[in-house]
Amino acid sequence: MIRAAVISNGLGGLHYYFQSNDRVDYRWLEITSDFNPDLEGFDLLVVPNGCDHIALYRIRDKIRSFLDAGKTLFCFDGWFTAWVPGNQWYMDNTRKTIDIRYFKGTDRYDLFSGVDIRSLNFSHGISGWWACGYIDPAPGADVVMFDTWNRPMIVLDETTTNGLLLLTASGPLADVTGQTTDDESSEQDLARFYSNLLELAEKKRQYA
Amino acid sequence: MHKIGLVFNGVWSHYAFATAPKYADIYRLIYIHELTDETVDGLEALVVPFQSNQTELGRRRSVIYNLLAHGKKVFAEGDSTADWLDAVWEDRPVNNYWWVTDPHNPPVSETDFDHPVYNGLSKRHSCWHTHGAYVSIPDQAAVIQRKPDGDIITWETRQYGGVLMATTLDPIVEHGVQQITHLDHYVDSLTHWLCGIRPEGRFEVPKERYGIRV
């Protein structure tokens, strides 16, 4: 079972999206004024959408050590501070979501297995998945998904550290359905994609 | 001299909004973990944006009510808890696609356009989507916006000294996200009401601010 730490900056309803199940034991790390969590004993660090990137910047060395120990980071938010090793998100929102389409890139771990990418493009006639900005990926990292203008939207980085980084351009993902839409098909596909990420994290845990 | 404090939860849209040239001289980011009577001293108003740290707001509620007791204004958007507002907020599904599927039926059906924030706004500019609703509000509060089913979206009260206004709209966060293109109207009206200054021009985030080094 994956031992996951989820960062919480006190958003209402956040706990609903990451509830322990037979695959993952989620523990919450609440950000306080003296936030300095112990990451020892965790396999996976999850940074949900809407997180506190001031607090994360302050513990960037600890996160780097966590990754160098072969662990996994999921970041589903726009990190406007430079705490993610090797990769940087840019809050360029000059492109409108209404014009954005998503395309599969390098998917060596079959993360899109069973996922219909069209569900991410449309839901109720508007954008189905709300990525924002884009990622400047580390050299050698995989661009798993890109958009209309070839901007990296999802990046998988196994080169910068000994660990695994799975980063979205602020596109929300969680361990439940329906976090961005109440459209049934989108719910299923986003949930399936997250499930595939967990499968990869489990393999990483077993072979770390 | 900054007139308005924006409670900052380390969220990128908060940062994008308050540091953009259009608003940077008016709004000052106040990190939630540094929200004290001292850090809000001298401000005309305080804004609590959507995606705020509800736990920490509960711990620091005295800062908000001390500011109100001094006759200042507080604007709260999005969700809240009864730990810091004398109101009951409940979650609801977000309908952000009504303008495509049912454009003549926006989530808000009643608006008091005599209120200074809403005066001069069109219906389209006064509602885009809502994050939940209030089912109970302070005993002396007045309702400013409602949904067709009667749920309360926006309310205001003067019972704490200054003016406390709360809404389940999210103008600050969405303006920072920059995907809803008409929000200059609402936010500029709100800013004027909060501090007496009406910003001009269009909200933009300069390219050099796309990623920062703290």
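Predicted model: local features only at pLDDT ≥ 70, side-chain atom pairs only at ≥ 80, totals over all residues.
Me: In what order do the eight strands of the chain A sheet run?

Reply: The order is E2-E1-E3-E4-E10-E9-E8-E6. The sheet is open, and its pairing is mixed.

Me: Why is one side of E2(A) and of E6(A) left without a neighbour in the sheet?

Reply: Strand E2 (24-30) and strand E6 (102-104) of chain A stand at the edges. Each has a single partner strand, so one side stays without a neighbour. As for twist, the average is 15° from one strand to the next.

Me: Which way do E1(A) and E2(A) run, parallel or antiparallel?

Reply: They run parallel. Seven bridges join E1, residues 2-8, to E2(A). To find one in the model, go to Ala5(A); Arg27(A) is its bridge partner in E2(A).

Me: Now chain B. How many bridges join E8(B) to E9(B)?

Reply: Four, in the antiparallel sense. E9 of chain B covers residues 152-157. Gln145(B) has Thr154(B) in E9(B) as its bridge partner. Look at the hairpin too: five residues lie between these strands, and Gly150(B) takes a positive phi near 95°.

Me: Which strand pairs with E8(B) over two bridges?

Reply: Strand E6 of chain B, residues 110-111, does. The sense is again antiparallel, and E8(B) spans residues 142-146. Here Glu110(B) is partnered by Arg146(B) in E8(B).

Me: On to charges. What should I look for?

Reply: Side chains of opposite charge can pair when their charged atoms come close. Over all chains the rule counts 17 salt bridges. One of them joins the side chains of Arg3(A) and Asp43(A), at 2.8 Å from N to O.

Me: Where in the chain do Arg3(A) and Asp43(A) sit?

Reply: In distant parts, 40 residues apart. Arg3(A) belongs to strand E1 of chain A. Asp43(A) is in the loop between E2 and strand E3 (44-47) of that chain.

Me: How many salt bridges cross between chain A and chain B?

Reply: The rule finds one across the interface. Arg58(A) and Glu34(B) form a salt bridge through their side chains, 4.0 Å from N to O. Polar contacts also cross there: the rule finds nine residue pairs.

Me: How much area do the two chains bury between them?

Reply: About 3,000 Å², with 57% of it on carbon and sulfur atoms.

Conventions: Residues numbered from 1 in each chain as written. Chains lettered and ligands numbered in written order. Heavy atoms only, no water. Buried area = accessible area lost by both parts, 1.4 Å probe. Polar contact = N/O pair within 3.5 Å; in protein donor to acceptor, adjacent residues only side chain to side chain. Pairing = 2+ DSSP bridges. Axes fitted to C-alpha atoms, helices over the stretch in contact; angles between N-to-C directions.
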